[in-house]
Amino acid sequence: MSEGQENVPPASGLSRIPRPQPSPGKPTGIPSLNLAKRKFPSSPLAPGPALAKRSVSSTLSATASASASAPAGPALRSSQRKPSGGFVPTTTRKPSATLSTRSTLAQSTKRTTSVSSASASSNTTSTASRARPGAPPARPAAAPRPAAAPRRPPVSTSAATAGPSRLAASRNGPSRGVSPSVGGGSAASRGVSAIGSGMASAAQFKSHDGRIENVERMVGGFKDLLQQEQAKINSLQMSQADLQALLQSTQNTEREARRDLTNASEEIAALRTAHLREVDDLERQVARKDREKRGLEEELRDSRDELSRERETVRGLKTTLAEQSTQHMTLSAQLTAAQTQNAMLQTEIERATLAVSAMKAELEVGRQKALEAEERAEQKVADAEAERDRRIAEIEDELRAAETIRRKLHNQVQELKGNIRVFARVRPALPHESDSPEALADIAYGDERKAEETGQSEIIITSKSESATGREREQVNGFIFDKVFQPRAGQKEVFEEISMLAQSVLDGYNVCIFAYGQTGSGKSWTMEGGDDEVTAGMIPRAIDMIFTASNHLRDRGWKYHMEGQFLEVYNEVINDLLGSSQFDTKKHEIKTDKDGKMSVTDAVNIPLSNPRQVSALLDRARSRRAVAATLMNERSSRSHSVFTLKVRGVNPLTDEKCEAMLNLVDLAGSERLASSGAGENKDRLKETININKSLSALADVIGALGQGQAGGHVPYRNSTLTRLLQTSLSGSSKTLMLCNLSPLAAHLGETLCSLRFATKVNSTVVGSAKKQIAK
Ligand SMILES: Nc1ncnc2c1ncn2[C@@H]1O[C@H](COP(=O)(O)OP(=O)(O)OP(=O)(O)O)[C@@H](O)[C@H]1O
């Protein structure tokens, strides 16, 4: 840039700086945000282009001027630092001409001030001033260059401090101390030119006064210039104030715009939220409406279905109505026909009534005849009934006589058969036992037809043994008993043979039935049997039969009272199997009263009125035996069980009385000591000894009875069992021994022992049984 350009006065330019014109609506000069239209400018400080341009350019000029003429205000500098798009770049990059002007002014002032200083010094100052355009103007203008001081200390110092007027007073300064560049403008440039020309011609003027005048004129010019500059400064300060106001306003506007923007953003966010909520609501409403629609459609479908059903019903009703109408017409026709028929019938009834009247008259005559005939018939019936009663009485007398005869005959038959009889029964091989010929004993039976005729059956046991010489010996043992039952014989068949004995009880005879044999030979099976009708044993069958027979005898005037007792003899001690507690702890004794009647102390006797009670009694005894077996080892086979049925009968018609006992005895296993395994066990040994003792006592009693010595000693007291059975074993009773046998070869020895014992009993002839007459 040339110095001439720098010296152009900027005063007129600064005075023409346009001030920002606030719009009528917006005093801030920033167009308002039309939020309602939701159009936002890209920057709140970028309003209408024309106004912005104008404001910015003017502001920039003013700012530049202000910064050049005075220390920049903090507000202005901060505005320059702001990153807002419109202000900073323009202001920073384009310093206005005013700034140049100010710099030039400062330079020119310096040059003027340092008229007397060296030109080099003046140039240095000017360069330094240009190098710092933003520096405060007062300092370069007021501060003298230290380099110039030694050369022209009095003049330069005074000139610098006193201003141009003192400069004019300095006479030592060279003429070129006044810078020609001062006269850049209209008056100032002219003044400077004049000075220049005055200085140029100073060498030519010799007169000192003339020079002073020139200098004074020059000073006057400077004063004018100074005033103008002062005016410009004032103008610039005003511009600066305006600019600061504008800046403030702009900042306010910006803040407001930002606030508006924030509000608008919040409003937008709120609107978006509200919009989303509305959308949600609407969607929910749509869904609800959809559901309602579906419900309504469903209802519509149901209604349609119902309508079609109703239509169907109506159609059916119409059809029914039509049918009923037809029926009605048919019935009407039938009614008419019936009415006609009714009229005809009425006529006939009248005719019949007349006929009935005639018949009634005839009937009355007939009834009279019938009454007479009835009286005659009644007389005849009465005569016949009297004859019948007389005949019935005769027949009953005959029957009673026949019953007495039957009893006598029955007893005679029993006596003929023997009061002690022995049956042998061989049980079948059980499923778990092998039925191969080797496993089974060789047992043969006599001819059954011959047995029927003779009343004697034979059982033949063939045993094989080795002789001393080592030869096999075959021994055939035949035994004859009253009856031998083969393995195939059922319970019913066995009972048929002993049912007569049961009948004898009702006739007043004591009966005792023993089941004898080794363990597992079928004693319990024979006496008690199974639970059903086919397998029921002798005890339930005998009881059943006694009850049935007593019911028949009731027609002939007999009334019976029965009671049951179930005892067990184990190791010579009596246990009551019908006791109330689980295990009998009472000590029972056998006692005989003054009439010779034997009884067991504290033994329970249960009255029996029907067979069901007897089966309950047997169950009770069985369960107690099971408990005892659990507590004291398996002892059912090691004890004797004695079921006693006591029967008392009265016949008021014949004035007869009877009292008898049925004893059904399941004896303990009869195996010998060696095969019982008792040697290994003390308890078992004791059991076996007691069993053998009681069984041999039984054999002794039977033997003694068999010897038939009148008044001879019978050793009943040798065992509890024989004492208990004394009444049944005495000559006044009928005794049956059922000898149970195992079919197995392994038991052959025991089988032979049992058969020998049974033969001994069978050979006993006991005196005639006596009928027990109740006292
Ligand atoms: N005639 C038979 N028919 C079918 N099974 C029988 C017959 N006799 C005995 N049994 C069966 O043989 C087995 C032994 O019979 P049972 O218990 O009556 O012998 P027991 O001599 O009374 O023995 P214990 O002295 O141990 O009481 C039982 O399972 C029984 O059901």
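## Close-up views of a predicted model

View A. Strand 7 covers residues 559-570 and strand 8 covers residues 573-576; they pair in the antiparallel sense over four bridges.

**View B. Glu-572 sits in the loop between strand 7 and strand 8.** Although Glu-572 is not a glycine, its phi is positive, at about 70°. With 15 other C-beta atoms within 10 Å, Glu-572 counts as partly exposed.

**View C. Asp-655 occupies the loop between strand 12 (640-651) and strand 13 (656-666).** Here is another residue to check for its backbone angle: Asp-655 is not a glycine, yet has a positive phi of about 60°. Asp-655 is exposed, because 8 other C-beta atoms lie within 10 Å and the cut-off for exposed is 12 or fewer.

**View D. The largest nonpolar core brings together 78 residues.** Ala-424, Ile-513, Cys-739 and Ala-758 have the most contacts inside this core. Helix 15 (residues 491-506) gives the most to the core, with seven residues. A second, separate core has five residues, including Met-218, Val-219, Phe-222 and Leu-225.

**View E. Ala-424 and its contacts from beyond four places in sequence.** Around Ala-424 you will find Ile-459, Phe-481, Val-484 and Phe-485, along with Cys-739, Leu-741, Leu-755 and Ala-758. Two of these partners, Cys-739 and Ala-758, are also listed with Ala-424 among the residues with the most contacts inside the largest core.

How values were computed:
Residues numbered from 1 in each chain as written. Predicted model: local features only at pLDDT ≥ 70, side-chain atom pairs only at ≥ 80, totals over all residues. Pairing = 2+ DSSP bridges. Helix = DSSP H or I, 4+ residues; strand = E, 2+ residues; numbered from the N terminus. Core = buried A, V, L, I, M, F, W, Y, C linked by C-beta atoms within 7 Å. Buried ≥ 20, exposed ≤ 12 C-beta atoms within 10 Å, placed from the backbone. Contact = placed C-beta atoms within 7 Å.
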